[in-house]
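Open the model in your viewer and keep the selection panel at hand. The tour goes stop by stop.

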Amino acid sequence: MTLALLVEQLFNGVQFGLMLFLMAVGVTLVFGIMRVINLAHGSLFMLGGYFLMASLTWTRSYALAIPLAFIAAALVAVVLEIVVLRPLYRRGPLDQVLATFGLSLFFNEAVTVIWGRESIPLSIPPFLTGSVEIIPGGAYPVYRLVITAVAILAGLLLYLLITRTRVGALIRAGSDNREIVAALGININLLYTLIFALSAMLAALAGIMMGPLLSVEPGAGDPILILTLVVVVIGGIGSVRGALVGALMVGIFDTLSRVLIPLVIQTNATSALVGMAVYVLMAVVLLFSRTGLFAAHRG
Amino acid sequence: MVVPQRRSLLLLLLLAVAIVLPPYFGIYYTRFATQIAIYGMAALSIDLLLGYTGLITFGQAALFGVGAYAAGMLTVYGLTNAFVVWPLAVLISMLFALAIGSLSLRTRGFQFIMVTLAFAQMVYYFAQSLRNWGGDDGFTMPQRDHLGGTSLADHTTFYYVVLVLLVLVMFLSSRIVKSEFGMVIRGIRDNERRVAAVGFPPYPYKLVIFVIAGGIAGLAGALMANHAKFVSPAMLSWQLSGEMLAMVILGSANSLIGPVLGAAFFLAFRDVLSDFTEHWMLFFGPLLVMRVLLVRDGIWGMLLRVTGAQDESKDKPGEPKVDFPEAVERTTDSKLAESKPGAAK
């Protein structure tokens, strides 16, 4: 194993972790503020990829297709929030889990009906192909660097949104005490719709960027959703900081274990160990902390 | 009191239907009824957790699948006596349940849902990576196990064996939930803190019922392996966990019989719609959403209401009122008028 390979994998791990962060922050925001657990979050990731594919075949231009895919995902999210999520706010966790699970079944099947069961390869935008040498002897794809940068940028914008703007103040206030926020005359329904749309757009962003790396297929969001939930459990549900730390931990741990474990152990069970590594990490964290690393305080 | 008698009558009627009808309609429906009984048993194991203990598990399919793999592997290795294979499959599933439960029961509320889902996925990946056992494709069993000297190759014989086991499991489960132990777990469902204050530490009770439910799911899995003579990782998928949870809710949680009716509804829905379209999930997803948003009762709850067999003094079947740490906040912030004392929603 060379140093170049290790560095390359570390970069991959950080990049995967940031994708998971974009997913996890949506789950954690929606939970922290609306107290809803959204199992359809993986569908929004999947829809991001499909919408990009569809708008690409329509417009034949990445510059047009990417914003279009975004808007489509946000529209779906707004409709979802108004029709399904809104009645769920006053319901128990079981109702929320079942209804959002039903949604994810629906979306997986809907994309099959519209675009077929086969996975659809997406190509990397032509202006982002090629690779650069990050350290001597280690060529790294430009595309992966760019999506890492975009994810960091999205994270920074989110940070600024939450800490520096009026909407951010409302989000923080809403997660602390929502009836006071409502009593102050804030339109809490509008705020919830905004937050859900925001979380959906972050998921769609991850889906759009991962589209060319994975492939666009029915159910593509499911494994990502489960990893996202692992991230949220590790980081502590409701905590944005926890989502970031958890996502980077899971991303790096998952990527490195895929490279390192086969080097050390070469038996039949290797692939089993690799697939399970992340869950072992979660189990270890749970042994030390029941509520994750950065549990949002209650009070 | 007339009412409990009506309820028993209803149960007896269902049992009579289950005994008489499927063989009368032929092999196809006998196999169909076998599936209902097996999925019903798995869903019943979820009901023990969900309806009676207030634990929302999203990973029961993993224990179902472990039972299936255990039974399938043992049978391939040449162990074909059901009296040996099935108890072993149950035991192995219980061990998995012990491992998963001891960790995930440390968490509560929403975290528990996510942690059970994650651990189930871990078992799923493990099954998928068993290359000698077909990996993602799974493997076939050369034959069904035999019950002592009785061959189970005949579909009708196998159906009756499954049915007897289902009735047995249901009977044992109802004994469990009515026992002193059952009172404690139902107390945990309603208010965990109070049960702890009275002097029953919740954790061991929850773990015991989790392991029992795991064993039941494992038995159902072993039966499924025998029914289909085929085992694959799809039997441990999180979608199946969700579908089983949906069966419980469609049929009424907190009733033991409800999950079986829910399984019947789910499989019939799939069967009927599959004749028209392969995309039946397109209809099931919204159906589930509508059941949650618009309908108050599952099938068993409706049956009881329609026939007037609901005993008002008893625990109603229906959506369990789960004691959630996060829900404490919810009750304080929702309007107090909504939580009138005695309003059982």
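Two residues are in contact when their C-beta atoms, placed from the backbone, lie within 7 Å. This is a predicted model, in which local features need pLDDT of at least 70, side-chain atom pairs count only at pLDDT 80 or more, and totals for chains, interfaces and linings use all residues. Residues are numbered from 1 along each chain as its sequence is written, while chains are lettered from A and ligands numbered from 1 in the order in which they are written.

**Stop 1: chain B**

Select chain B. Its secondary structure comes to 14 helices and 2 strands. Both are DSSP runs numbered from the N terminus: helices are H or I with at least four residues, strands E with at least two. Of the 345 residues in chain B, 51% are buried. A buried residue has 20 or more other C-beta atoms within 10 Å of its own, an exposed one 12 or fewer, and a partly exposed one lies in between; C-beta atoms are placed from the backbone. Among contacts in chain B with a separation of 6 or more, 77% join residues 24 or more positions apart.

**Stop 2: B:Val123**

Centre on B:Val123. Leaving aside neighbours within four places in sequence, its contacts are B:Ala62, B:Gly65, B:Val66, B:Phe96 and B:Leu236. The largest nonpolar core has 205 residues, and B:Val123 is one of those with the most contacts inside it, along with A:Leu22, A:Val230 and B:Ala118. Such a core is a set of buried Ala, Val, Leu, Ile, Met, Phe, Trp, Tyr and Cys residues joined through C-beta atoms within 7 Å.

**Stop 3: H3(B) against H5(B)**

Now show residues 60–76 of chain B, helix H3, together with H5(B). They pack at an angle of about 30 degrees, with axes 9 Å apart. H3(B) is therefore roughly parallel to H5(B). Angles under 35 degrees count as roughly parallel, over 145 as roughly antiparallel, 65 to 115 as roughly perpendicular and the rest as oblique. Axes are lines fitted to C-alpha atoms, for helices over the stretch in contact, and angles run from 0 to 180 degrees between N-to-C directions. H3(B) gives B:Ala61, B:Ala62, B:Gly65, B:Val66 and B:Tyr69 to the contact; H5(B) gives B:Ala120, B:Val123, B:Tyr124 and B:Ala127.

**Stop 4: the side facing chain A**

Bring chain A into view. Here 44 residues of chain B are in contact with 41 residues of chain A. On the chain B side, helices H5 (110–128), H10 (238–251), H12 (281–294) and H14 (325–333) each give two or more residues. H5(B) gives the most, with 12 residues. Which element of chain A packs on H12(B)? Select helix H4 of chain A, residues 93–115: the two pack at about 160 degrees, axes 7 Å apart. H4(A) is therefore roughly antiparallel to H12(B).

**Stop 5**

Go to B:Thr107, in the loop between helix H4 (82–104) and H5 of chain B. Is B:Thr107 buried or exposed? B:Thr107 is buried, with 21 other C-beta atoms within 10 Å. Its contacts, neighbours within four places in sequence aside, are A:Leu286, A:Arg290, B:Phe112 and B:Val115.

Next, B:Ser252, in the loop between H10 and helix H11 (258–274) of chain B. Its phi is near 100 degrees, positive in a residue other than glycine. B:Ser252 is buried, with 27 other C-beta atoms within 10 Å.

End at A:Arg60, in the loop between helix H2 (41–59) and helix H3 (62–88) of chain A. A:Arg60 also has a positive phi, about 60 degrees, although it is not a glycine. A:Arg60 is exposed, with 9 other C-beta atoms within 10 Å.
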